[in-house]
Structures are given as structure tokens and as C-alpha cells.
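Please find my notes on the model below. They are arranged as numbered points and can be read alongside the coordinates.

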Amino acid sequence: MRDLTRLIVIEPNLRGPAGHYAEFVRAVGTVAGEDPIDVYAHPDADGMLAAMAGARPWTAQPRVGRPLAEWKMIFRAVREEVPFLVLTADGRHAAAVSAAGICYKRAPRNACLFFHRPPDTGRDRLLLPFADLARKHALAVAATEEIARSLSDGGWKRVELVAYPALAAESLPAPAPFSRLLMAGAARLNKGLDLVAELALLWADQGRSIPLLVQVSKKHINRHGSREKAFVEALFASGYQGLRVSETAPDRLEYIERFRGALVLAPYARQQFASQVSGVVLDALLSGAPVIATSDTWPGRQVERFGAGVTIRERTAAALAEAIDRILSEWTIYSERACEAAGVLRREHDPIRLLKVLEEGTTRS
């Protein structure tokens, strides 16, 4: 379906089938047709990519030692003028594209950088003067309007707003009876682990036992940081009778199945998710699962847009508990609205939109 004879997706942090690096690549690969995308990932992902429809592993060396691996791959792609997409871009990648363009005396119009958040950290601002060539010639893709505005304000000349690519089931979801509360994806503080731990303690004292599934393990601290430790320990020690723990990431089929009949808890940190897409919340709504989200965030705006759940302003266990009871008291209504949202979101987040932008943006001078 596309004019690109080759597209390289660069994401050396992609190591396995779980998580949204893999979901992003899987979504784009699904619509790639007869021209599979080359994916420059960690060597651990080779087997998964070889078996994935529309994708194949790109085994250029080196593939470990970030950011060196990314920089070398970006330089190679600019030199060979092959269209490429940096899957999770920030100021470092913009600087690398500029440096490669200067090195090879090329306008890097074959470069596409996908921004999942505004490039406004201290490091991004520090690297801004070194990204002039990228800001002038490379294609910057923004997942939300806020990110697109930030890029334009930062001097990027070629900015495209493209909804985060996501796969939806072939058929639209149907309302299902309530089955569980679900904190999908790895439980982290910025996604409300502290609130969920406090909720478990609160409900244990009250003698409640609504099923609550959380993806967390006692080894969580080794993978997600020391700040999580106290809340992981509190969750496991809560004594909450409804707690169900998933200690490993599920495969895609099980991950999607968990949303069936689930009320998804997404009381995410307002600052981080004000403009950032949540793949988990997107998957939840695509699966017809109502969501509790923080107001004034991207997830919250989706929930309010469709009435497919409840938003909370105060990020407290008490506010979360109140929102849960509100939705459960009118479960059928919220479930139906979430299923209606799925029909709209599957069109808006169709991965074909990103490939069309890449066709236009990286193959024409």
C-alpha cells in the first residue's frame, strides 16, 4: 500500500513481546503490507520480530550500548538516505540527526522522530542549539496536540499530528458483566501504585473483597526503581482479600483478555500525563473497558470525551474508592459508553495513518 521500499524503525530498548514498544511495532507492521519494516532493536527481540507479521529484525551492529547504538544507526540511515523512524524520540535523537546531516552534507528529510512527550526537559533544552538541521528538515510526529504545539514553538518546521498507532480487535467489543478492577501494565508510582496500595489497605479494614488485579511482584523494585519499594510492600502486606497479583507481564492475548469486564484504574500523575498518551488506557477503551483516570490528563480527556468512566481531581484512595462505587452502581451504562468509544478510537488510531504520513514526509524532498 505504500511507496516506501524500506523503512527502518529504531528502538534498541525493544527486547520482548510485552509493553508498548512491541505494541507500536506490531501495529505498524500489521498494516505494512508486502513491504515489511526493518526494526533495529535489542538482539533479544530478534526471534519475536522474525515471527511478527510485517516486520523483521535489522541486525546492523552495534545493537547494545545506548545511546551509541542509536547514534550509529541514525548516522548510517542519514548517509544511505533510507527512511527511518525513531520510535521514542527526544533531544538526543534530534542532535544526532543534525550531526549526521552535517557530517554527510545532507538535509535529513528521510528522518522521522516520533515524540511521545514534549521535548522540554533540561537535557532537551541543552541540546536544542545542536538540533538546528533536524528542526529544519526532519519530520517530527507528535502523538497529541500539546506535543505538536511544543514542537512548533521549539522551532520545528515540519510537524505532523498523528494519533498513537494501536491495534484493535477485528470486531467491536460488546458490553460484558463486571469481572474485576484492573491496574493494567507494570504498576508504577506515576501510574498510581501508591493510591492502589492505599485503597487495598482501606478496603481490607472495611472488609471489602472486590477482585483487584495488579501487575506487580516482590522483585518490582529491581525493575522499576526504589521509590516503589514501600508501596509494593504495603500492597502485599495489606491483607486485602480481593487482591490478585500478576508477577510477570502477560502475552498479548492474555493482556487483552484482562480488559473484558474490567474497570481499569488509571489515576496517573497529572504532570507526566497532561500531554502524554497512555497506551494502557487506549487499549482499555479499544477493548470496551471503562476507566477511572486523573482529570486534566490525556487519559482523563478521553474518558470525559466519551463518558466512558469517571475522572478524579484529587489523587487519593478515598477519591478512587468513590469513583469505583459510582461506576459499579451504573456498570451497564459505563460499559456501553466504553464500547461506543472503541468504535471511534479504532478509526482515529489506525496505524495506517502513521505510514501515510511517513510516505509523504520521508520520501519527498
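The points that follow take up the sheets, some of their strands, and then the helices.

1. Basis. This is a predicted model, in which local features need pLDDT of at least 70, side-chain atom pairs count only at pLDDT 80 or more, and totals for chains, interfaces and linings use all residues. Residues are numbered from 1 along each chain as its sequence is written, and side-chain values use heavy atoms, with hydrogens and water left out.

2. An open sheet is formed by 7 strands in the order 3-2-1-4-5-6-7, with parallel pairing. Its edge strands are strand 3 (55-57) and strand 7, each of which pairs on one side only. From one strand to the next the twist averages 25 degrees. Strands here are DSSP runs of E of at least two residues, helices are runs of H or I of at least four, and both are numbered from the N terminus. Two strands count as paired if DSSP finds at least two bridges between them.

3. Strand 5. Strand 5 is largely enclosed by the rest of the structure, because 5 of its 5 residues are buried. Buried means under 20% relative accessible area, exposed over 50%, and partly exposed in between, with a 1.4 Å probe and protein chains only. Ala 111, Leu 113 and Phe 115 point one way from strand 5, while Cys 112 and Phe 114 point the other way.

4. Neighbours of strand 5. Strand 4 (residues 84-86) pairs with strand 5 in the parallel sense over 3 bridges, and Val 86 stands opposite Leu 113. Strand 5 (residues 111-115) is also joined to strand 6 by 4 bridges, again with the two running parallel. Here Phe 114 has Val 141 of strand 6 as its bridge partner.

5. Strand 6 pairs in the parallel sense with strand 7 (residues 159-161) over 3 bridges. In strand 7, Val 159 is the bridge partner of Ala 140, and Leu 161 is that of Ala 142.

6. Crossovers. Strand 4, helix 4 (residues 91-104) and strand 5 make a right-handed β-α-β unit. Strand 6, helix 7 (residues 145-153) and strand 7 make a right-handed β-α-β unit as well. A crossover is called right-handed if, with the strands pointing away from the viewer, the path from the first strand over the helix to the second runs clockwise.

7. An open sheet of 6 strands has the order 10-9-8-11-12-13 and parallel pairing. Strand 10 (243-246) and strand 13 (309-312) are the edge strands, each pairing on one side only. The twist averages 20 degrees from one strand to the next. Within this sheet, 3 bridges join strand 11 (residues 262-266) to strand 12 (residues 291-294), which run parallel, and Ala 266 stands opposite Ala 293. Helix 8 (residues 193-206) packs on the sheet and touches strand 8 (180-186), strand 9 (212-215) and strand 11; its direction makes about 150 degrees with that of strand 8.

8. Helix 13. Helix 13 (residues 279-286) is mostly covered, with 8 of its 8 residues buried. Among them are Asp 283 and Gly 279. Just after helix 13, Gly 288 takes a positive phi of about 80 degrees.

9. Helices 14 and 16. Helix 14 (residues 298-306) packs with helix 16 (residues 331-348) at an angle of about 120 degrees, their axes 9 Å apart. Axes are lines fitted to C-alpha atoms, for helices over the stretch in contact, and angles run from 0 to 180 degrees between N-to-C directions. The contact involves Gln 302, Arg 305 and Phe 306 of helix 14, and Arg 337, Ala 341, Val 344, Leu 345 and Glu 348 of helix 16. These residues divide into 4 nonpolar, 1 polar and 3 charged. Nonpolar covers Ala, Val, Leu, Ile, Met, Phe, Trp, Tyr, Cys and Pro; Asp, Glu, Lys and Arg are charged; the others, Gly among them, are polar.

10. Phe 306. Phe 306 lies in helix 14 and is buried, with a relative accessible area of 18%. Leaving aside its neighbours within four places in sequence, Phe 306 is in contact (heavy atoms within 4.5 Å) with Arg 337, Ala 341, Val 344 and Leu 345. The C-alpha atoms of Phe 306 and Ala 341 are separated by 6.0 Å, and the two residues are 35 apart along the chain.
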